[in-house]
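Come along and follow each entry in the viewer.

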Amino acid sequence: MCLLAFAIASDTLRPFVMASNRDEFFARPTQGLHTWSTASGVRIHAGRDEKDGGTWLGVNDHGRIAMLTNVRSGLPEQGQRSRGELTTGWLSGEITATQWLNEIEPANYGGFNLVIGDVFTQNWFWCSNRSPADPHQPATTELHVQALRPGTYGLSNAALDTPWPKTATLRNALRSAVAENRDDLASQPGPLTDALASRYVDPYEPLPQTGVSPEAERALASAFISIPTQGYGTRCSTVVQVTGSAQHGTLQLQMDEWTHPPSPETAAETASWANSEHRQLKQVLRGR
């Protein structure tokens with residue numbers, strides 16, 4: 001997943017909401033949003049990478065959530081282990097977040113951002129194996145961890161809340177949608193889905209410098225990405241809504257995912273989702 005915005009406890013009846021795009025090569029085998037079980041029997045609601053078995057975004061039955069993005073670098077890197085196992089590791093475990101984070105070996109993975117949390121306890125953390133001050137430099141052996149307070153955050157392929165235009169735009173769209181108290185933030189068209197579908201790149205805004213070419217930076221600068229010559233682009237868009245009061249011991253989960261087909265590049269500022277496959281999953285979450 002390469003772009004996401006999420007809100008923690010920003011609304012009394014919405015403990016958690018998020019919107020995201022996953023960018024990946026279309027040839028990489030992937031299962032869309034569904035419910036599946038780990039070897040230990042924990043049920044996870046997520047898409048699944050069929051190559052390595054992990055996921056980029058998931059929720060378990062007890063309200064644990066994990067979200068993952070890569071950190072962009074001009075130097076191709078392959079970790080010893082798949083980054084997708086970090087999300088499934090948190091979702092399938094029972095130890096506290098602090099204990100679990102202490103078990104991560106940051107040098108084993110390519111550059112990553114990981115957000116983990118629990119919608120019942122509202123304990124949330126962002127971590128990365130790249131320096132927040134200069135995330136696009138080569139690997140480090142240190143895990144950088146930040147506890148997250150209630151609020152709205154944005155994340156792409158740099159550090160948490162790095163002010164890339166597409167990250168700030170999606171974060172602001174999420175903040176506005178929550179403030180407007182919309183019944184269903186996943187409406188399509190709607191402010192969140194429109195922000196996820198945008199191909200707009202401000203020609204006057206400086207491009208990030210992550211180590212790739214200026215041409216690549218521009219191609220990757222929009223929220224919705226399409227690079228057909230490389231078979232790469234936005235594979236799916238997801239909106240997650242958790243509603244209700246945790247004091248009652250149960251919460252309502254709704255996940256909406258749109259799987260996008262490969263498409264030619266166009267001059268349109270907004271991508272058409274006419275041929276996208278929509279999946280919706282609803283589940284009652286129960287605290288432990």
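This is a predicted model: local features need pLDDT of at least 70, side-chain atom pairs count only at pLDDT 80 or more; totals for chains, interfaces and linings use all residues.

**Entry 1: a word to settle.** Before anything else I noted that a residue is called buried when its relative accessible area is under 20%, exposed when it is over 50%, and partly exposed in between. With the word settled, I looked up Phe 6 and Tyr 153, and both are buried.

**Entry 2: aromatic pairs.** How many aromatic pairs does a search of the whole structure find? I noted six. A reminder for myself: a pair of aromatic rings is described by the distance of the centres and the angle of the planes.

I took Phe 6 and Tyr 153 to begin with. Their ring centres are 5.3 Å apart and the planes meet at 20 degrees, so I wrote the pair down as stacked; planes under 30 degrees apart count that way. Phe 6 sits in strand S1 (residues 3–11) and Tyr 153 in strand S10 (residues 151–155), so the pair links distant parts of the chain, 147 residues apart.

Then I turned to Phe 25 and Tyr 232, which form an edge-to-face pair, with 5.0 Å from centre to centre and 70 degrees between the planes. This pair also links distant parts of the chain: Phe 25 belongs to strand S2 (residues 14–25), Tyr 232 to strand S12 (residues 232–243), and 207 residues separate them. Are these two buried or partly exposed? Phe 25 has 41% relative accessibility, so it counts as partly exposed, whereas Tyr 232, at 16%, is buried.

**Entry 3: charges over rings.** I found the charged end of Arg 22 over the ring of Trp 56, 4.0 Å from its centre. Arg 48 lies over the face of Trp 36, at 3.9 Å from the ring centre.

Entry 4: In soluble globular proteins, nonpolar side chains tend to be buried together. Here the largest nonpolar core has 30 residues, and Phe 6, Met 67 and Trp 124 are among those with the most contacts inside it. I also noted a second, separate core of 22 residues, which includes Val 17, Ala 19, Leu 192 and Leu 196.

I picked Trp 124 and listed what it touches, leaving out residues up to four places away in sequence. Its contacts include Ile 8, Phe 16, Met 67, Val 119 and Leu 148.

**Entry 5: helix H1.** Which residues of helix H1 (residues 84–92) are buried? I wrote down Gly 84, Leu 86, Thr 87, Thr 88, Trp 90 and Leu 91. The buried residues of H1 pack against several elements, among them strand S3 (30–37), strand S4 (43–49) and helix H2 (97–102).

**Entry 6: empty space.** Rolling a probe the size of a water molecule over the atoms shows where empty space is left. The largest pocket has a volume of about 1,100 Å³. It is lined by 40 residues, and the closest to its centre are Glu 24, Phe 25, Asn 70, Arg 83 and Tyr 232.

**Entry 7: His 34.** I placed His 34 in strand S3. Its relative accessible area is 23%, so it is partly exposed. His 34 and Ala 46 are 12 residues apart in sequence, and their C-alpha atoms are 5.7 Å apart. Beyond its sequence neighbours, His 34 is in contact with residues including His 45, Arg 48 and Leu 281.

Entry 8: Most residues other than glycine have a negative phi, and most peptide bonds are trans. I looked for exceptions. The peptide bond from Gln 188 to Pro 189 is cis, with omega near 10 degrees, and Pro 189 is in the loop between H3 and H4. Ala 9, in strand S1, has a positive phi of about 50 degrees. Asp 161, in the loop between S10 and H3, has a positive phi of about 60 degrees.

Key
Residues are numbered from 1 along each chain as its sequence is written. Side-chain values use heavy atoms; hydrogens and water are left out. A nonpolar core is a set of buried Ala, Val, Leu, Ile, Met, Phe, Trp, Tyr and Cys residues joined through side-chain atoms within 4.5 Å. Buried means under 20% relative accessible area, exposed over 50%, partly exposed in between (1.4 Å probe, protein chains only). Contact means heavy atoms within 4.5 Å. Rings of Phe, Tyr and Trp (its six-membered ring) pair if their centres lie within 6.5 Å; planes under 30 degrees apart count as stacked, over 60 as edge-to-face and the rest as tilted. Helices (H or I, at least four residues) and strands (E, at least two) are DSSP runs, numbered from the N terminus. A charge sits over a ring if NZ of Lys or CZ of Arg is within 6 Å of the ring centre and within 35 degrees of the ring normal. On a 1 Å grid over the protein atoms alone, a cavity is a set of points where a 1.4 Å probe fits but cannot get out, and a pocket is an open set with protein on both sides within 12 Å along at least five of seven lines; lining residues have an atom within 4 Å of a point. Grid points are joined across faces, edges and corners, and a volume is the space filled by probe spheres set on the points.
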